[in-house]
Amino acid sequence: MQIHVLGSAAGGGFPQWNCNCPNCSGVRLGSIQAQPRTQSSIIVGNGTPDWALINASPDVLTQIKSTPLLQPARHIRDSGIAAVVLMDAQVDHVTGLMMLRERSSPLPLYATKQVFEDLTSGLPLIKTLDHYCKVVQHLIDLNQDSFQIEALQGIEFKPVPLSSKAPPYSPHRYDPHLGDNIGLLITDKSSGRSAFYAPGLGMIEQQVEQAMQQADVLLVDGTFWTDDEMITSGLSKKRAIDMGHLAQSGAGGMIEALSAYTHKRRILIHINNTNPILREDSPQALELKNLGIEVAFDGMQIEV
Ligand code: MLT
Ligand code: MN
Ligand code: ZN
């Protein structure tokens, strides 16, 4: 099974269009050792020209352009994106759906009940898309063990409910529901190997621990280095945890959570532009290197 990282940044991307934090201006000016990144998305494939797009980022057209295998050109109108799976209804994970409206067949879309509700109420993208390519809604049922995507034979997707956050526009932003956010344990049934993907992960609960134990590759929330990063940068009053993200450093942080899995490939993804790990020569980036924890980048290819 192959995973390609299309976008490794959190919402806003890197650099963010209106941001002059040291990271964003540094990468814009080329004065720091860092590479630009687009917003959160991966593709999963089994060796055929068909791929599952996991999250549809606002940068999806740029991402498709820089990923030639997503245009297999079998027909006059074609795409390697066979289906889209959503982890939540956050703007950085769903607004790319609008860019896929020229499809010549209805778009198979996999999401939980909560996400479909947000996408038909607070942000009614599905109703809008129905005027173009139409959407075939496949409900991710959290009581069912796993699901498969028709075009991706041999790959199994197991939803893992997560504590994170519904989007700010959601009618239940402050009233969390099971299914607002999920992670995915993605398994290649022929090899038995699997990856756990959770770009928005606020808390390591029992079901998360279980998925991490089971997976061979961990691709998890790398949004913030410290819980108060947005506050100390003077950019927001919100803590990482208020936004549904577990910071990397400190007691109970993501690095500590990953320390039980040193024998596995561990990759941080969905990195916010304020995060010091984006600077390849920062002490934080070097600390991760020493621990054997990787930082995802756009175009990263992962063989599971
Ligand atoms: C988040 O995961 O908190 C986001 O990146 C929010 C956003 O899209 O603005
Ligand atoms: Mn996000
Ligand atoms: Zn910035």
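Which residues does Leu 258 touch, not counting residues up to four places away in sequence? Select Leu 258 and display its surroundings: the residues touched are Met 212, Leu 218, Val 220, Arg 266, Leu 268 and Ile 293, where contact means heavy atoms within 4.5 Å.

Before continuing, please note that this is a predicted model, in which local features need pLDDT of at least 70 and side-chain atom pairs count only at pLDDT 80 or more, while totals for chains, interfaces and linings use all residues. Residues are numbered from 1 along each chain as its sequence is written, chains are lettered from A and ligands numbered from 1 in the order in which they are written, and side-chain values use heavy atoms, with hydrogens and water left out.

**The nonpolar cores**

Next, select Phe 196, Met 212, Leu 218, Val 220, Leu 258, Leu 268 and Leu 288, which touch the most other members of the largest nonpolar core, a set of 33 residues. A nonpolar core is a set of buried Ala, Val, Leu, Ile, Met, Phe, Trp, Tyr and Cys residues joined through side-chain atoms within 4.5 Å. Buried means under 20% relative accessible area, exposed over 50%, and partly exposed in between (1.4 Å probe, protein chains only). Colour helix 1 (22–29), strand 9 (194–198), helix 6 (206–214), strand 10 (217–221), helix 8 (254–258) and strand 12 (293–295), for each supplies at least two residues of this core. Helices (H or I, at least four residues) and strands (E, at least two) are DSSP runs, numbered from the N terminus. In soluble globular proteins, nonpolar side chains tend to be buried together.

**The zinc site**

Now select the zinc ion (ligand 3). Its coordinating atoms are SG of Cys 19, SG of Cys 21, SG of Cys 24 and OD1 of Asn 273, at 2.3 to 2.4 Å. Donors are N, O and S atoms within 2.8 Å of the metal (3.2 Å for Na, K and Ca); water is not among the atoms, so sites may look incomplete. Why is the arrangement around the zinc ion (ligand 3) tetrahedral? The four donor atoms subtend angles of 99 to 119 degrees, and four donors count as tetrahedral if all angles lie between 85 and 135 degrees.

Along the chain, the donors of the zinc ion (ligand 3) follow the spacing C-x1-C-x2-C-x248-N. Cys 24 belongs to helix 1 and Asn 273 to the loop between strand 11 (265–269) and helix 9 (283–291), so this pair ties together parts that are 249 residues apart in sequence. Cys 24 is buried, at 0% relative accessibility, and Asn 273 is buried at 2%.

While helix 1 is on display, select its buried residues: Asn 23, Cys 24, Ser 25, Gly 26 and Val 27. Just after helix 1, Gly 30 takes a positive phi of about 75 degrees. In the loop between strand 1 (2–7) and helix 1, find Pro 15; the peptide bond from Phe 14 to Pro 15 is cis, with omega near 0 degrees.

**The manganese site**

Move to the manganese ion (ligand 2), coordinated by Asp 92 (OD) and His 270 (NE2) at 2.1 to 2.2 Å. Asp 92 lies in helix 3 and His 270 in the loop between strand 11 and helix 9, so the pair ties together parts that are 178 residues apart in sequence. His 270 is buried, with a relative accessible area of 5%, and its phi is near 65 degrees, a positive value in a residue other than glycine.

Select Lys 134 in the loop between helix 5 (125–129) and strand 6 (135–139). Lys 134 is not a glycine, yet has a positive phi of about 70 degrees. With a relative accessible area of 48%, Lys 134 is partly exposed. Pro 106 and Lys 134 are 28 residues apart in sequence and 4.8 Å apart in space, C-alpha to C-alpha.

Finally, select Lys 165, in the loop between strand 7 (155–161) and strand 8 (182–188). Lys 165 is partly exposed, with a relative accessible area of 21%. Leaving aside neighbours within four places in sequence, Lys 165 is in contact with Gln 90, Arg 173, Asn 181, Asp 242, Met 243 and Gly 244.

Terms used: Four donors count as tetrahedral if all angles lie between 85 and 135 degrees; four count as square planar and six as octahedral if opposite donors are over 155 degrees apart and all others between 65 and 115; anything else is irregular.
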